[in-house]
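Morning, everyone. Let me put the structure up, and then we'll walk through a few local features.

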Amino acid sequence: MNLVVVSNRVARASANEPMTGGLAAALLPVVEKSGAIWVGSSGRVRDGAQREPFAEIEELGAGALAMLDLPAAHYGGYYEGFANSALWPALHSRADLIRVSQDDYHSYREVNGFMARALMRFRKPDTAFWIQDYHFLALGAELRDLGVTQPLGFFLHTPWASPATMGCVPHNRELIEAMLAYDLIGFQTEEDRGNFIAYVESELGRTAVDGVITSPRGVSRCQVFPIGIDADLFAQQAQKAMAHPDVSRLRKSLNGEKLVIGVDRLDYSKGLINRINAFERMLTTRPSLQRSVSLLQIATPSRGTIEAYGNLQGDLARLVSDVNGRLGEADWTPIRYLNKGFRQAVLAGLYRTAQVGLVTPLQDGMNLVAKEYVAAQNPIDPGVLVLSKFAGAANELDTALLVNPHDVEGMARAIATALAMPLTERRMRWEVMMGKLRRGSVQSWFSDFVTALSDAHSAGRDLANSGSAAGAAPLKMAGGWSRRTPMAFGGAILQ
């Protein structure tokens, strides 16, 4: 089988570059080992009409990266516009932050169509396409309209919000109808899957039977695939990273203080304002903890040209400055606040140094920082994870201290509890979580999805051939595609 993975951006495994985003961290190792081709934007744009999209290709282990220059006329409207000023806020239940124009939606569809045309050069008889995330909700439909008969899978890394919230997205019906061109639609949690099916049933009037939806676009199966990490590899990285100069300097600077760590993109979905307020509340209500603990908050800037992000960056900087100004001493700073990214090898050591990992998003699809923090811990003396119950990771890491990120007082109490937790309890909680991380590895996520995509594509063809697809006629699509077309497809590609 020839697998083509598609995302908005591809990531290089550079030893000197910081890793940005959970998707990149998850996909790099499996693409390297699987032999897949990973296609995405190069980060550059190109002016003028492009009859043939240009792709720069480089090897990545057994696989390859293919990087495209996207059209300059549409990139802003596609990325900063519709994807991140309409879909992102809606998916994270912040419909109040939707700010888009009709031109933004047009650009979003134009870039989805551009990517579909670019993917045709990678199409072979045994190709399967696996599309990643909200940037390409309509890409499957664009591929079908070009006559692609091969398996098409889609995985959403973010949450999927309630039908009412998704109904606030302009052109939501058209987009979600387009999503039904995928054979398999994957979600992080059962709640996300349930919200999607509820939208399809209530807004599109289509019935889902055991997660299978039939539409004029075909037969789509909806399943849950919680994304994981390579926990043992990350643990090894964390142990080695303790000797890294950045980690050694941090440890030396603590002077015996305990450390709480938060690592996030600078995004309103991460709950950073409430997190800082909770840490400050803990220090003011428990003065004995002052000078004995500090918070290292790494907040990597992103999407700074979008108003909501620029406002957040300013608000957060002012809040940190205010807390440090009121509570800090000449030789002690309560909050160490950094606006830059770190390489995974360094982050692993920073996680291992911290006695508490603070992962408190208001809403998150999974949050791999939570899993990385757990994997990085010293088994003999592990730290404690304080985790938002609204992160997808909370479904698996249920022996963390689960908190409501809207409850500042409750979070303050949880941080104090974590700092005072006895070793025996810390080990018990950590061992349960580490066991789950090993069973739900990123390799399993990858191979489970690919196998399910094969099954979904075959089952969709069989259902169409039997004529039992909700009474539908043989499924003819735009571009002349029919699910009666036979297709050879292999199984999972990871051993």
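Is His171 buried, exposed or partly exposed? At 28% relative accessibility, His171 counts as partly exposed. Buried means under 20% relative accessible area, exposed over 50%, and partly exposed in between, with a 1.4 Å probe and protein chains only.

Quick ground rules. This is a predicted model: local features need pLDDT of at least 70, side-chain atom pairs count only at pLDDT 80 or more, and totals for chains, interfaces and linings use all residues. Residues are numbered from 1 along each chain as its sequence is written, and side-chain values use heavy atoms, leaving out hydrogens and water.

Back to His171. It sits in the loop between α5 (163–166) and α6 (172–179). Helices (H or I, at least four residues) and strands (E, at least two) are DSSP runs, numbered from the N terminus. His171 is not a glycine, yet its phi is positive, about 65°. Most residues other than glycine have a negative phi.

Next, Asn367. Its phi is also positive, about 85°, and it is not a glycine either. Asn367 lies in the loop between β14 (356–359) and α13. Asn367 is buried, at 8% relative accessible area.

Now α11, residues 307–327. Its buried residues include Tyr309, Leu312 and Leu316. Down the axis of α11, the buried residues fall within an arc of 125°, so they line one face. That arc is taken from the directions from the helix axis to the C-beta atoms. Turned away from the buried side are the exposed Glu307, Arg318 and Gly325. The buried residues pack against α2 (72–91), α10 (272–285) and β13 (335–338); contact means heavy atoms within 4.5 Å.

Notes
The expected span of a helix is 1.5 Å times one less than its number of residues.
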